[in-house]
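Let's take a friendly look at the open spaces in this protein. Have the sequence and the 3D view ready as you read.

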Amino acid sequence: MRNDRFLRACRREPVDSTPVWMMRQAGRYMAEYRALRTKYGMLELCRTPELAAQVTMQPLRLGMDAAILFADILLPLEPMGAAFDFAKGEGPVIHAPVADRAGVDRLRVIEPEDGLGYVLETIRMLKKELEVPLIGFAGAPFTLASYLVEGGKSVHFAKTKRLMYEHPETWNDLMSKLAEVVRRFLRKQVEAGADAIQLFDSWVGQLSLSDYRAYVERHVAHVLKDIETCGVPVIHFGTGTYHLLEAQRDAGGTVIGLDWRTPLDEGWAKVGADRAVQGNLDPTVLLAPREIAFSHAQRVLEQAGGRSGHIFNLGHGILPETPVATVQAVIDFVHRTSARPE
């Protein structure tokens, strides 16, 4: 690859400028993607390697230092036995939510080639074309469990927490199955050619520290500690996780993702100097006038202090209404402002 500054930053090595990529960088804010969506549904795009590879590469023209595989965190659920679809304006809908022991027992622990081979083929196709590193990913056990139990998106996660509190053995069996499927899936992504891995625990910030330690941490560690042995950077990301950062560090990950609620310097101090960090611009800042976006990006860079081991990113995914020109301008600003001799 021609540009490996993302990988060097993940390893806390010196770089010529701070690398930039953005979560959901391949998606609805880009006209090219919207044009494809007029012809194909979301799942059809994911399941067709040629199309998924095309979408993965679309944002690279903006100067991103890494590509992230175009897929969805819920894809492993269907071959496990939990069919779902995307309802317009509502997001994912699980056809038969998991509510009890019987629901957990129906879920299969699959091999990645059993129903997810198209994802691995997409990775293999991309590796023939990309000049920047490719990030593979999966959803973390808690986040996947929350979708399974709630039946889709949630605000309070009441059904999920009720199962967790009232039936801890059933909960742990559910988490164990999900963790093992995710572990196998991520390993196969690395074998297919992924240069780095990110575990998305998007909703884990809904838990207290004590609940995370009791009900989640060991399942996440089952995934991350194993993937770390593959020799690629492993990014552990969640939102609303200021109170969980030390526990997330203990669970695993060579890079810890920080959302915009956590000042980057404070978050880095919590996870320790032996980890790289990723983040953490508020995605809504990209909707503001360009100079305001620059000032917020500058603050993130100042909090990183020029230390080796910072990957510039958003605190969550790009919003669909984000102007492409602003995204490119911020990428250029970060590269220009952070440039330094190696």
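The second largest pocket has 14 lining residues, and those nearest its centre are Ala99, Asp100, Val149, Lys159 and Leu163. On a 1 Å grid over the protein atoms alone, a pocket is an open set of points where a 1.4 Å probe fits, with protein on both sides within 12 Å along at least five of seven lines; lining residues have an atom within 4 Å of a point. Helix 8 (141-150) and helix 9 (158-166) are the elements that give two or more residues to this lining, and helix 9 brings the largest share, four residues. Helices (H or I, at least four residues) and strands (E, at least two) are DSSP runs, numbered from the N terminus.

This is a predicted model, where local features need pLDDT of at least 70, side-chain atom pairs count only at pLDDT 80 or more, and totals for chains, interfaces and linings use all residues. Residues are numbered from 1 along each chain as its sequence is written, and side-chain values use heavy atoms, without hydrogens and water.

Now for the largest pocket: Arg24, Arg28, Met42, Asp72 and Phe86 are the closest to its centre among 42 lining residues. Helix 2 (31-37), strand 2 (84-87) and strand 3 (91-94) each supply at least two lining residues, and helix 2 gives the largest share, three residues.

| Pocket | Volume | Lining by class |
|---|---|---|
| Largest | about 1,400 Å³ | 24 nonpolar, 10 polar, eight charged residues |

Volume is the space filled by probe spheres set on the points, with grid points joined across faces, edges and corners. Ala, Val, Leu, Ile, Met, Phe, Trp, Tyr, Cys and Pro count as nonpolar, Asp, Glu, Lys and Arg as charged, and the others, Gly among them, as polar.
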